[in-house]
Structures are given as C-alpha cells and as structure tokens.
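Work through the exercises below with the model open. Try each task before reading its solution.

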Amino acid sequence: MSKKSWRNLLVIPVFLVISGILFSGCAGEKKDYSIKTVNLTDVKFSDGFWSKRIETNGLVTIPHSFRQSEETGRIKNFEIAAGLAEGDFCSRYPFDDSDVFKLIEGASYQLMLNYDPELDKYLDQLISKIAAAQEKDGYLYTARTIKNKGGKIPLEEWVTDKRWERERDAHELYNAGHLYEAAVAHYRATGKKNLLQVALKNADLIVREFGPGKEMLPPGHQEIEIGLVKLYRLTGKRKYLELAQFFLDQRGNKQGHELYGFYSQDHLPVREQKEAVGHAVRAAYMYSGMADVAALSGDQTLVQALDNLWQDVVFRKIYITGGIGSTGAWEGFGPAYHLPNASAYAETCASIANAFWNYRMFLLHGDAKYLDVFERIIYNGFLSGIALSGDRFFYANPLASFGQHERSPWFSCACCPPNIIRFLPQLGQYVYATEDDRLYINLFARSQGRVKVDDIRVDLEQETDYPWEGEIKIRINPEKAEDFTVMLRIPGWALGQPIPSDLYYYAERPETKPAVRVNGEEIPLTLEKGFLPITRKWKAGDLIEINLPLEPRRVLAHEKVKDDEGLVAVERGPIVYCAEWPDNGGQVSNLLLPDGASLTSEYREHLLGGLVVVKAQGKAYRKVQGKTVSEGKEIVLIPYYAWAHRGRGEMAVWMPREEAKVRPTPEPSLASKAKVEASEGAKGVRFINDQYEPSDSNDHSVGYLHWWPKKGTTEWVSYEFPSPVRISEVAVYWFDDTGVGECRVPEFWKLYYRKGAEWVPVKNLNPYGTEKDRYNVIRFQPVVTTGLKIELKCREKFSAGIQEWQVK
C-alpha cells in the first residue's frame, strides 16, 4: 500500500443510485421501520468540526490502520490461508479477520463521500486475497484454515478441528457479521460484487448449517445478526432475516447448547432480559439486532424487551459521557449505579454500539430522547476514543486519570480503531430522517442536505457554529411548495434535562429557554416526543431559526451513584467538560469547584484544534507542615473529548464540590523524591511513590505497578535516593485483583538496602506481611543508604503488583 495519504477526489453518485434502487425495490413491500434513515451521502458537513474529522478519517486514520493491519499480520493471514504465502497465523487473536472487514466497511463509506481511485484499487487487491482465502463451501476464517494446513495459531484451544465447536470464544460468526456489513458497504460504494459474492457464499453456508435440527449455537459475540439483516435488505431473501431471528431466539435457550452465561447475554431468552449485563459491546450489538428484527418482523415482544433494557441502561448504568461498561473485568456492565470514574471502562466500541442501538430505538419509537443519548455519545464517549491527529486511540475511556492513560497507535485486540473508521463517515445519515410527510431534524451542524419527503425533494442548509454556539438557521427549500411537517428536535439538555432519566440532573434551573422562529415568527414550544412539529406549506427560502441556551451547567448524579457523591461535573450544550493538568498548574485532584461559583466560557482558536473552554473561580489545596491550606485559583475546563493530547497527567470529569473530597497536594516524602527502577516487564513504576492512597488492593482508580502477564517469577523494584538517608521502616500496599485479573499478593518478599556496590538484607524486627487492603509495615534496624530494593516471588500461575511503597 502506498504510504502517501489518499486524496479526496470525486463523489460517485452512479453507484449510489444503483444501490438505492436495489435497497428499496428488491424485496417489494415489507415491514420495516416506519421512520426512514437518509443516505450518508445526502448530507455534507461543512462545519470544521465533523467535516474536519471525516477528512482526517480518510487522509490519516484509514491509511494508518491498513498499515497497522499489514504490519501486525492481519492481512498476511488471508495470504497464508489462500496459499499465497507460507507461515503460521501471524496476529494475536483468531478473530482478527474482523478488523480487516471493518476497515473495508469504513473505507467503503469514505469512498462514498470522497472517491479515491488509489483506495478503490487497494480494496480490490485486498478483496482478491480474502476471496482466495475462502474455502470451497464458503467457510472463511483464516485461523482454522491455516491450522488445518499445519500452521500454528494463538489460543489453539479456541479453534478445534470442528467448525463452530468453540464459537463462544473463537467468534467465527462474529467475523462473518463484519464480513457481511463490509460487503454491503463496498457494493453500495462501488457497485462491485467481488466482496458481496464472498459474503453471500459464506452466509449461505451458515444458513445451511445453522437452524432447528442442525447447529443450535448462538454467536459467542453478537454482530452477525446486524450483518444478516443488511444482506436481507439488499437481496430481499428472507432466509437471512430468519437466521438472524434464529440466533436471537437461541440466546438463553438451553435446547441445543450449553448456555454461555450473562457475559454473553446468554443467561435468559432475549425477550425475558430486563437488565443489561455482561460484555457491553456484545449487549449493544445484540440490542441493535433485536431492534432490526423487531422492525422487520413486527415482533412487539422484542420491542418490549428493548424498552426494559434501555430503561435499565439509561436510568442506572450509563456514564454522563454516554459511555457504557463500568468494569474492565468483563468489559461491561456492573451493578446498578456502579459508575466508577478512574476505573471506568467505557470502551470506544461500546459507545459506537450504544449509538447504533439508540438510533434504532428512535426509528422504532420516534422519540427524541434516544437522539439525546445518541448526541451525548458522539460528542463525548465516542469522540474521546480517537486523537485529533487521527492516528492514536483509546480502547477504554475513563472519566478520571492520575497520569496512567495515553492513547495508543494500535492494540493487539484492535476492534476500536476500525470501528471508529466505519462510524465517522456514516454520521451524515443521522442528521435527518423521514416518515411519510414528516421530516425529522435530528442533529445540528453546518451542512447541506437533500432528502425526499413524500416524494418531494427538499434541499436543506444549516448555518451554525454548533456545538460551540446555540444559534442555528435552517433553510428549507422544497422543489415546489408543499404541505408537510418538520419535526424539529429540541435537545433535552436545552430543556433542563442532561439525560432522559433521573441518573443525572442540573444543579440549577436554566435561566433561558430555547426559542424557535419560522420566517421571523416565534413558534410556541409545544413538543411531541421531544420534537417541535411545524406543519405548513413549505416553500423555497423558508427559514427556521433556533436559539438554544448554550450556557455552562453544573451536573449532579443520582444519590445512589456513590462514586460521584460530593462531586460535580460541568457541561455546555452537548459537550461534557473535564479539568486537565496542563490548564490547572500541573494537577487537578487538589481542586475544589464550589457551589455558586460563576461559570464563564470563551472560544480559544489555537487550543486543541479550536474549542470553547469553561472557567470558574475555585480553590486549590495543599499540605504545609502537616496542615491543609487553600487558596483561590481559576479552574479551566476543556471538552472531555480533547483530553490526553498534551502528555500524561491528571484529569477529572467529576470534581469535588465538598472539601472532604479534595486531595490536597502532599508534601514531598522520602519515597516521592526517589528514582524508581524495576525488573524487566514492570508496568507503572512511576505510580508506587505518587502518594495516591488506594481504597483497597483492587483499586484501579489510582496508578499501580504490576508485572502481569509474567507469572510465578522473581521480581524486584528499587528506590534510589538523591543522597544518603537514615531509614528504619517501610510500608507496602500490595496490588491484588482477585476476581478481576491475575495479580495476587506475593508468595514472599524481602527488603534490601544498598551498601557500597552490594544489596544487603535489612535486619527486620517483625515478619514480612502479605496482607491485602492495608499497608504491610516492616521495621528493621536503622540503615543509612542511598537505595532500597524489594525482591518478591510471584505466586505460581499468578503475577504481582504494588499500589504504594512508603519509606520512613
């Protein structure tokens, strides 16, 4: 692949017309969502916010991710499976094929927006390798094909000699779902059937092999349901829809398979599920598939289940950023109201899946509350997942950091980057929707659009600096004067509700309300499901003017969210804000944002791509000779999506509003002034003397040192002091993530001090402790030294770690 960036050239409308005919006419009249999504090419952003990110997606993120897929062996796996190259499976996970399929899908959407012959040619070359790797009967899963040729693969226990046998972990069906989505996108973009033929051949194999009296397994990781629905929409063949419904019906069905459990949402039949549990991405993909099948089949029992699940998530389990999945232990949902900040998982893929689901809920119900959640996701929980440069990514998106987080250029499990790539160019299709003689205006951004309302072409132009400004002008230009209804979304945040539940609420009532005028005449805000219906005979040049109160607002959490007790967040319009270290004197955990402090905002053109900051007069706390003192300090907040672009350091979305929640800057200690070194493979060495007190040994909210994935080994960590010091006591707080990971307190440990060029054991006065959830203090005969070293033995089959190491 050429290393130069692909350049934007021409849009290719011919193939879009062809695919539009196929999508709308191939299957005749059938049930579906009554509200119709517009094509992603029907809207062109010109705002400098989304347009800039979509452009970066094409110029940077797509070529960067294809290079990473080449360098990590993901593409070579297809070559080896096809017999075009020799070797073993060369990436980390057997389901890595899916990353390539998602990249093709995203690149295809990008082609729809800006045609590039170089990218088009590259995709054809890649698709030829995929087609060659497909087995004669349609099976496509490079890990098993390579294994059957005698090649070695990682995690061989996941891939047995029998197809589908380890579907729970191997994700053959998950791979297939992403193949189908890629194939449909590529066909829509180019009119070519090269990848579509591969997908249909594979889908026909799965139709033959799965169903009553055949293979009865549901997918281990949901996704194929969405892909099968897309094949059904394209071809009109009901067998694909019926297979999607079969896979949903098999979840929680003990007939035919041993249940996977709550992690994979396979603990109950889907219609009986009322609580969102387990892996968040799998769950939201499943909910999206359920919505599609419900719309296409008219199954109201699925709709009722979705309503229950949505209520559970939005009332009890969603972050203020729109992120879902509070625990990294299973990358998913925790108990109700369990929403920790620094250890929040909130995977980028989960935000994307949550956006897919909420938009489908809008299509089902026509209620703007789902778009309120959707908008919150795209501006916050999703957008933080990619750097402004387009080549660095977050997998997890915490709401607080002590300096342990930074974006990565890639991941061994690289699901998030290609998911971002396929989501960004689709954003245009969410701006508007139609239903008979209703035109829904869902999102606001400077843009030009063209839609059909009751077979009348309507051109739309939005003039606005949203999300930074609340003034929006929308010009309605139908091809001829016609009666129809504009359904104008009034965002929940503009009406005094940050999210459509009681999970979060504004601390003060809004001072101003939204205002809407049509051709200069103000319209009463009589809303219908969050939309303002405006029915009239629309003619070219009609103008809707909207004024949304974009003021910084304090947000508080439900009293049951204990992690946010005594804390406050700030948002402005759809944007959630955070305090980050570069703007606040190097740290933020020592700051107090008091109730009643005035919040002001200003646009800074040259900061992080141009954004609005929020400022407030707060207090900063520090320790002086053992006493806590405070002083007034201006607090500067930036949009959450923009954090972690200026180096590692502290960040917080939720800030103390009560003094008891502030962490005063500690005075320097012997340990904090020491240089830390550790044995090979240690991660987080800088955190064991940062003076952040853990709440317990399994506290992931503060930084910690660990040697995982090394197990059963002997390791060491040392302090080097600037000058000789007299020491007689140390205290060690072990890291132990029992129930979550593979770190345990050590089997035993010893303390050494530097004597000349040698390390000499201290003469301890009490036994070495290995207890959890407390400091293990060891006292010894005083020594004068320039260095200390802990040597420890990891337990068999486990690793070890340290939260904090104090010295006296």
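**Exercise 1. Charges over rings**

Find the ring under the charged end of Arg-53, and the ring under that of Arg-92.

Solution. Apply the criterion: NZ of Lys or CZ of Arg within 6 Å of the ring centre and within 35 degrees of the ring normal. Arg-53 places its charged end over Phe-49, 4.1 Å from the ring centre. For Arg-92, the ring is that of Tyr-93, at 4.9 Å.

A note on the source: this is a predicted model, in which local features need pLDDT of at least 70, side-chain atom pairs count only at pLDDT 80 or more, and totals for chains, interfaces and linings use all residues. Residues are numbered from 1 along each chain as its sequence is written, and side-chain values use heavy atoms, with hydrogens and water left out.

**Exercise 2. Aromatic pairs**

Classify the pair Tyr-345 and Tyr-395, then the pair Tyr-379 and Tyr-466.

Solution. Start with the cut-offs: rings of Phe, Tyr and Trp (its six-membered ring) pair if their centres lie within 6.5 Å; planes under 30 degrees apart are stacked, over 60 edge-to-face, the rest tilted. The whole structure holds 44 aromatic pairs. Tyr-345 and Tyr-395 have ring centres 6.2 Å apart and planes at 65°, so they are edge-to-face. Tyr-345 sits in the loop between α13 (300-316) and α14 (348-365), and Tyr-395 in the loop between α15 (368-381) and β3 (400-402), so the pair ties together parts 50 residues apart in sequence. Helices (H or I, at least four residues) and strands (E, at least two) are DSSP runs, numbered from the N terminus. Both Tyr-345 and Tyr-395 are buried. Buried means under 20% relative accessible area, exposed over 50%, partly exposed in between (1.4 Å probe, protein chains only).

Tyr-379 and Tyr-466 are also edge-to-face. Their centres are 6.3 Å apart, with 75° between the planes. Tyr-379 belongs to helix α15; Tyr-466 lies in the loop between β7 (456-464) and β8 (471-478), 87 residues away. Tyr-379 has 2% relative accessibility, so it counts as buried. Tyr-466 is buried too, at 2%.
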